[in-house]
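Open the model in your viewer and keep the selection panel at hand. The stops below say what to pick next and what to look for.

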Amino acid sequence: MDNPRAVTIVGFMTCDSDILIAGGGLNGPSLALALADGGLNVTLVDAAPDGARETQGFDGRCYALALASQRLFQAIGVWSLLDGNAQPILNVKVTDGRVGEGPGPFVMGFDHAEIEEGPTGYMVEDRFISGALREVVARHPLITKISGAKVISQQVEGAIVTVGLDDGTNHTTRLLVGADGRGSGVAARAGIKRNGHSYHQTAVVCSVAHAKPHNATAHQFFMPDGPLAILPLPGDHSSIVWSTSDDTAARLAGLSDDDFMEELRPVFGDFLGDISLSGVRFTYPLSLSLAEHFVKDRLALVGDAAHGVHPVAGQGLNLGLRDVGALAEVVIEARRRGEDFAAPDVLARYEQWRRWDTTVMSAGMDGVVRLFSNDNPFLRAARGMGLGIVNALPTLRRNFIREAAGLTGDLPKLMQGRQI
């Protein structure tokens, strides 16, 4: 197909869809909408049966959406369904300390008023994001969703990928996208290996109600065993991401709700008054995991299928949505130019765009985890001074705020709030 007549030849080939996306979580449907808005026919394969992702009540699962991610959701027609259930993050406070001793003397504080664009980000429950995506996907005429089926095979022949599902059906497409998580079968079948390591930490995730208002402030409290994030939710509620040693997390998971709260209270502190558990508790083992390649022959990876990072900065979903914006932009613009949008040179543009940014972000978060997850007195003094220095320098502090809001680097158009 690598010849001047390639576009003409591809044009005569017929497929069931232009692009098939494996993965029905959050990144897969977001990408389907971005591509379909650009005129491409998309098949979205979700291993979960119809209704399995629907949650009527609050279960504690939440995401911190950077401002740039909010703009992407607005651009693909999803934000209007989320706005009423989103909690703006107006301030961020970062400190170091120990359990029982409270925060250290140095605090790094971010105020959204220091940038012109708006809130640093928003906290939104998983059930609202997934529900909004399902609703918009269901009414898009260029998206076909297949639920309750899993991709089990893929074969590339020329300009066509034949994808086999476990329901016995085969589907042809020009580009296969893996949005199927860290254990991506799409990546594994393509021979794409992963590099990384375990942090020997587990995140204990839950939500709490508290007596005092949070004032739209997010807190990151670094402790020797790992960071505790306290993230504001609508009303007098906050989401908790407590990263601690695997042994401690296993013990916490086995406690009753009352006993768990007795363990959480001295770590949480009393600055929001009395706290009580809301929803249920989850645990997630923490590791760094990067795919060696983000693309292969007529294949691309997005989200956790390409990279898995520590939640210390709440950037997991935001990195995935950057992939969504970048891949959609590369593919749609290539198609408009008359190129074969799944050709190696086109997909290389996507990998070049996202690989460096993801590697730098992953290395940065890895360094923060290593620096703060210890009780070395010299490192404690150094990082305390570092927090104080950043807080005292307005220009540096503003750069950190823009980074947290996802406004730095080579942003895809969708993350600027622009259509492709």
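Select glycine 77 in this predicted model.

Step back to H3 itself, residues 67–75. Eight of its nine residues are buried, so the helix is largely enclosed by the rest of the structure. Colour the buried ones: Leu67, Ala68, Ser69, Gln70, Arg71, Leu72, Phe73 and Ala75.

What covers them? Show helix H2 (27–37), strand E3 (62–66), strand E7 (121–125), helix H4 (126–138) and helix H8 (316–336); the cover includes these elements.

Next, the sheet. Select E3, E7 and E4: they form an open sheet of three strands in the order E3-E7-E4, with antiparallel pairing. E3 and E4 (87–89) are the edge strands, each pairing on one side only. From one strand to the next, the twist averages 30°. Zoom in on E3 and E7, which five bridges join. Pick cysteine 62 and find its bridge partner in E7, glutamate 125. Now bring H3 back: H3 packs on the sheet and touches E3 and E7. Its direction makes about 95° with that of E3.

Last stop: the aromatic rings. The count comes to four aromatic pairs. Select phenylalanine 282 and tyrosine 284. Their ring centres lie 6.4 Å apart and their planes are at 15°, so the pair is stacked. Phenylalanine 282 is partly exposed at 22% relative accessibility; tyrosine 284 is also partly exposed, with 38% relative accessible area.

Finish on arginine 281. Its charged end sits over the ring of phenylalanine 260, 4.6 Å from the ring centre.

Definitions and conventions. Residues are numbered from 1 along each chain as its sequence is written. This is a predicted model: local features need pLDDT of at least 70, side-chain atom pairs count only at pLDDT 80 or more; totals for chains, interfaces and linings use all residues. Side-chain values use heavy atoms; hydrogens and water are left out. Buried means under 20% relative accessible area, exposed over 50%, partly exposed in between (1.4 Å probe, protein chains only). Helices (H or I, at least four residues) and strands (E, at least two) are DSSP runs, numbered from the N terminus. Contact means heavy atoms within 4.5 Å. Rings of Phe, Tyr and Trp (its six-membered ring) pair if their centres lie within 6.5 Å; planes under 30 degrees apart count as stacked, over 60 as edge-to-face and the rest as tilted. A charge sits over a ring if NZ of Lys or CZ of Arg is within 6 Å of the ring centre and within 35 degrees of the ring normal. Two strands pair if DSSP finds at least two bridges between them. Axes are lines fitted to C-alpha atoms, for helices over the stretch in contact, and angles run from 0 to 180 degrees between N-to-C directions.
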